[in-house]
Amino acid sequence: MSGGGAVTYTVWAVLIALPLLAAWLTLDPGLGGARRRIWWAVLAAAGAAALIAAPRVATFSQQELLVFLAINALVVASYRLLALTGEFSLGHVVMMGVGAYATALFSKRLGVPVPVSMLLAAGVTGLVAFILAFPLFRMKGFYFLIGSFAAGEAIRLTWKRFQDPFGGPKGVSRIPGFPDMEVGPFELLFWEPVTYYYLALAVAAASIWVLWRIERSHIGLVFHAVHWQDQLAGAVGVNTWRARATALVVASAFAGLAGALLAHYLTTVNPNRFDVDEMVYVLIWVIVGGTATIWGPIVGLIALTAINEVVLRDAGVDELRPMFYGAVLILAMLFLPEGLETLPRRVAGWLGRGRPAG
Amino acid sequence: MSFASMNRRNFLGATALAGAATVAGPHRARADDTVKIGFLAPLTGDVAAWGLPGLYGCEIWAEQKNAMGGVEIGGATYNVEIVSYDNEYLPDKARTGAQKLIAEDGVSFIEMLGGDTMPAVTPIANRAEMLVSTLLPSDLSPDTPFLVAPAEVHPIYNLTGVWWMAENMPDAKTAVICAQDDAIGRPSVATYLAAFEAHGVEVKDTIFFDISTTDFAPVMTAMLAHKPDILCLDTAYAEFVNELCKQAFVQGYGGQIVSCTADFYADIIANTSEEFMDGVIFQFPDFDDPALNDPRINFDDPNGFFQTYNERYPGQWGAVSWEYASILDLWLDGARKAGSIEPAAVLEGMKQGGKGAHAFGEADWWGEELFGIDNALVGDWPVVQIQNGKAVIVEFKNIPEWWSEHGGTMIEHFEEMGEMWYQRA
């Protein structure tokens, strides 16, 4: 067994439970304002403590997983922002790649300091998304899905085609890492997974907070309106194209930021890392987790990563993981079609049914 | 110093103490300790055919050594344990796997396929001073001092097939190459272009296809439009070679085919015909080949290994089935010379005298001109031909001999393809 035993599994259980409880608090209409605020405060404190403590009790390899988990949390949360408008894209992972390539080239070729380069990369990704919005939002639904796939492949194949500056199929290597820092008595070495995890966690948490605020703002309501009643929204003066384009640009910029985090950790990017297979994983995390709350995709990501990377690897069934993983997906879709995020509400419902009436 | 390297050193220190406290026993004595070897390669996904069969081979190798009482290194006897991690040919999973193998499992050596996954592992391996092997020497550069390519100098050995055809099929004067457009296919194209040029074969066209390609009919139609004497399939995934051969068969091609690999060629024959596949040239022998019983071959009982492998994994024999196992032979040879399982010492032992016991005979540590570092083991390589439905070694060719005459041509084509180590982005 490689996972580190009971402590490891406890860490993962807590990491899954936290967003599940957050989803429950978001969805449960039965909680009053004061109680809800207390629950949120308790959950926020417990969540912060668990996320800070997690790498300290995790094994070396699981510290690595935590880094990628933080990065991917930003990917799925940003993907959901676009999904709020009712559009599912197959190009989101390529947008992540745009950020990864942009920061690689800015920092390696132009010598831009890495933190600045990461922010620039997010901006470049948003700009690319804005340009793509013109052709893509001439389509809706299934046609948008296929159009986003085609646009993503065009970008990905451009990276493959041009050795200079993209490195061709091999991609770009020896990308500068995030610079080490001295903060008081502490030396922060960002090549170490624990340090980089805290950086990625801070960036992801801040970004997810921004995404959450956007959803709760006026523009967030517009996204929902465009999703459910786009013609009606248009009839009352909402510019539906602008709303969809805004969602695409913002979602892509945050995906680009996630890509930049990935690039400076791995110090390498290549076109295959952002292919449709990876996109399918993002879709699965989002769909299995659910999209009703911002926590749903994060629950899906953590639960499925735990199953695929911890439970199945510990079970010593490396070659059979795709089969087991597929079975888990089928079961999740059969028994939790609205996503894992509805699990606490369902459990509460089952428990409630067991109680005597009155 | 990193956590990772401290952890590994502690582990190695403990094993060394355990070894020192034990008097070496007779050949079949019980092993004192266990030496762990990491296997970090794709075991699932598109590239699994170049990982999983290799893991099977390593497990058989370890079983055979352990059945003999373990391996003796520096006066201690060790059982060998293979610890695998499926990296799915993704850099992030390769990094996680490397961290696990080094810091948690305490391995003394890591075997990898390389390619896309190597740049993410190199910084970790360098910090931990961990010896790592690759099957793709295009991973080598002066930045990878602990990385060796001791079994397969892909794609350089592909020149031996072209060289043999030039000598034995002098009428074949034109060729068309198709290649998967990735880090595996492109350097292979450079090699074939150089080899064809060196032997006076005109290359009419080079067609790259993306690795997401599923319909190979248009690729083959474009190739056959040139009416080539030689159809070169470059280095491609097993299913691509299978599909390309099927299309060549369906579209009525009757000329010579050359490919780096013909993994699971029985399936290709089943999809085409024995007559169609007769004469196909590739580079990876079956290990029941009588030519491998020659005394210069440095692989224990190749015929027995092949038989065991096929009994256990019928139909799974492929290009890499023996390669990772042969790297273990070289690792063991290096460890014995060093008298230690410490990675840096084993590397020194491996490279002692500038020569190594490669599976196909004594070979030279080489690569400075092409990779910027002499960490590739190069010597003889077999040319394999399908004859009556069976892979047969038709000749061994010496790569350094070819290089001394045509090395400049190879470097030119590598530069044109942007594949020299100093051109990598």
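In β14(B), Leu377(B) is the bridge partner of Trp365(B). This is a predicted model, in which local features need pLDDT of at least 70, side-chain atom pairs count only at pLDDT 80 or more, and totals for chains, interfaces and linings use all residues. Residues are numbered from 1 along each chain as its sequence is written, while chains are lettered from A and ligands numbered from 1 in the order in which they are written. Helices (H or I, at least four residues) and strands (E, at least two) are DSSP runs, numbered from the N terminus. Two strands are said to pair if DSSP finds at least two bridges between them.

β13(B) and β14(B) are paired in the antiparallel sense over three bridges. On the other pairing, β12(B) and strand β13 (residues 361-366) of chain B are joined over four bridges, also in the antiparallel sense. There, Glu362(B) in β13(B) is the bridge partner of Ala357(B), and Gly361(B) in β13(B) stands opposite His358(B). β12(B) and β13(B) form a hairpin, with two residues between them.

Together the three strands make an open, antiparallel sheet in the order β12-β13-β14 (chain B). β12 (355-358) and β14 (376-378) of chain B stand at the edges with a single partner strand each, so one side of each is left without a neighbour in the sheet. From one strand to the next, the twist averages 45°.

## Domains of chain B

Chain B is divided into domain 1 (3-154 + 291-378) and domain 2 (158-282 + 381-423); the bounds come from an automatic or database domain assignment. The centres of domain 1 of chain B and domain 2 of chain B, taken over C-alpha atoms, are separated by 29 Å. Their contact takes 21 residues from domain 1 of chain B and 23 residues from domain 2 of chain B, where two residues are in contact if their C-beta atoms, placed from the backbone, lie within 7 Å.

On the side of domain 1 of chain B that touches domain 2 of chain B, the elements giving two or more residues are β13 and α14 (368-371) of chain B. α14(B) gives the most to this side, with three residues. By class, this side of domain 1 of chain B has ten nonpolar, seven polar and four charged residues. Ala, Val, Leu, Ile, Met, Phe, Trp, Tyr, Cys and Pro count as nonpolar, Asp, Glu, Lys and Arg as charged, and the others, Gly among them, as polar.

## Interface between chains B and A

The interface brings 29 residues of chain B into contact with 28 residues of chain A. On the chain B side, α1 (3-20), β3 (76-86), α3 (91-104) and α4 (118-128) each supply at least two residues. α3(B) gives the most to the side of chain B that touches chain A, with eight residues. That side of chain B divides into twelve nonpolar, six polar and eleven charged residues.

## Helix packing in chain A

Helix α1 (residues 5-27) of chain A packs with helix α13 (residues 295-314) of chain A at an angle of about 160°, their axes being 9 Å apart. Therefore α1(A) is roughly antiparallel to α13(A). Axes are lines fitted to C-alpha atoms, for helices over the stretch in contact, and angles run from 0 to 180 degrees between N-to-C directions; those over 145 degrees count as roughly antiparallel, under 35 as roughly parallel, 65 to 115 as roughly perpendicular and the rest as oblique.

Residues of α1(A), including Trp12(A), Leu15(A) and Ile16(A), meet residues of α13(A), including Trp295(A), Ile298(A) and Val299(A). The contact of α1(A) with α13(A) comprises 14 nonpolar, three polar and no charged residues.
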